[in-house]
Amino acid sequence: MKFERYGIGILKGMTVTIRHLFRHPTVNQYPEQRLNVSRRLRGNELIWNRERCTGCATCAKACPQGAIELVTATNLKDNKYDVTTYRVDTGYCIQCGLCVEACPYNALFMGYSYERAKYRRGDVVQTNDELLESAERPASGYYHPEIAEKLPRQTLLVERITEKRKRK
Amino acid sequence: MTTTQEMTLNTEPFVVNIGPVHPSTHGVFRMRCKLDGEVVIDIEPVFGYLHRGIEKLAEERTYTGFIPLTDRLDYISPMSNNLGYCLAVEKLAGIKVPERAEYIRVIMAELQRLANHCVAVGSMLNDAGAYFTPFMYTFRERERIIDLFDMVCGQRLTYNYMRIGGVSQDIPAEFLPALEKVVKRLTKFLKEYERLLKQNEILLARAKGVGILSKELAINCGISGPVARASGIKWDLRKADPYSIYDRFEFDIPTGENGDCYDRYRVRIEEMTQSLRIIEQASKQIPGGPIKADLPHIIYPPAGEVYAHIEAPKGELGFYIVSDNSIAPYRCHVRPTSLINLAALRQMVKGWKIADLILIFGSIDITMGEVDR
């Protein structure tokens, strides 16, 4: 192959790389600096609302992995089902969110938290009270726009990165 | 002295295994290469290391329940897999998709094409020896597209966004302004990338004329997508057999001339420009209205069989579904783009050196999740 102006292409490429010396950095120091995650984040743990749940098991039917297990008992006094056990095996969960979409009573939410790794294998199976919403386990706005509105706005890289370094 | 020694040396072919765990085999692909010195005489692709039996798993899940698993087929472009599968089920059950959902689907599929080509181009140049510099440029841009996907469906890799008869949720209010910014940014980036690499002599020397795939061989092997278009075949399912609403948009089909690695790289860059054109048109025309057809949670499509195909970023992606009017598909077969595009690899690499083999393999752009399923 013939090159008539050898080196021109590489020099042109170098101008692009040199220009990047004067840019705002793209990366951030993760554990200290954190970006806001998506409002609809399908986080690690499922949130269950005990009051709204009627024990219909639509979520268990919708789950492609079979990670949700439900045990109900008839409550003859109030003429309804009592959910005695609601168990989610987070180890099987693929965070697809189909259970949240299927729930007809808005009793299920995806978790908004991440970094929820566990040290023991038994800890990934969560039962009843471990699934309730708390300050440590906020609910995400996935399929629940009313929750999504209250969450902080997602940091977008396209808005965050400017071409020139900003002066202080 | 040396010449006489050389003449008496017995040479015989030497077999080298590349992979299954090797950074440039894009996953767990293994090539058993027969080498003569540094020249490749023959290769034998070995795959199946990532087989998860996804087609079989479809038979024990509901039609909707299989959508999250389609994400795992070609994990570089899950949106396209979602689209292909949903189109097949809709065709089978005769479901009409609302207008707004169609537009959202097209925007998502084209954004996915951009994200996929960012990976494809970056990793191909990575294989060419430009260690991670062009890769970082493309990954920076891919990150911006992934931010948009994260915004609409809550995850960065396994989107599970499309549903049978529409999409799962409406796009949030901040999506379209952000999309506009991303499109503007990507147009700028493509210019920057062209400046960086279009005339780069090292890339030209490495990629031009290397790994030529002739038009006849491409057709005989059933190759589709950018690899086929680089060989001069003007075949794009978005034009040839318009699915969804692709017949409403104006765009060109870029083709190459020689069918070498450089053409495959060029075709991908040109396709990104065309995808941006489609996104611009779609985001302007997007109407209001419902985003999902009114369907029960569990559908029972009528008995029968269907094949639906889409132009996925890597080529033709087809889903063949047989239904027996029950809760789950009787059989679900995927026509994997990557596996069929690999068919010509053996003929393409013969006679090239082992460094070129890596580049040629990289220029086909495969994902092992789709090859092994």
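Let me start with chain B, where an open sheet of 3 strands has the order 1-2-3 and its pairing is antiparallel. Strands here are DSSP runs of E with at least two residues, and helices are runs of H or I with at least four, numbered from the N terminus. Two strands count as paired if DSSP finds at least two bridges between them. Strand 1 (14-18) and strand 3 (39-46) of chain B are the edges; each has a single partner strand, so one side of each lacks a neighbour in the sheet. From one strand to the next, the twist averages 25 degrees, with axes being lines fitted to C-alpha atoms, for helices over the stretch in contact, and angles running from 0 to 180 degrees between N-to-C directions.

A word on the source. This is a predicted model, in which local features need pLDDT of at least 70 and side-chain atom pairs count only at pLDDT 80 or more, while totals for chains, interfaces and linings use all residues. Residues are numbered from 1 along each chain as its sequence is written, and chains are lettered from A and ligands numbered from 1 in the order in which they are written.

Back to the strands. Strand 1 of chain B runs antiparallel to strand 2 (residues 30-36) of chain B, and 5 bridges join them. Asn17(B) has Arg32(B) of strand 2 as its bridge partner.

Further along, strand 6 (residues 304-312) and strand 7 (residues 315-323) of chain B are antiparallel, with 9 bridges. They form a hairpin with 2 residues between them. Within this pair, Glu305(B) stands opposite Val322(B) of strand 7.

Last, what follows helix 6 of chain B? Gly154(B) does, with a positive phi near 85 degrees.
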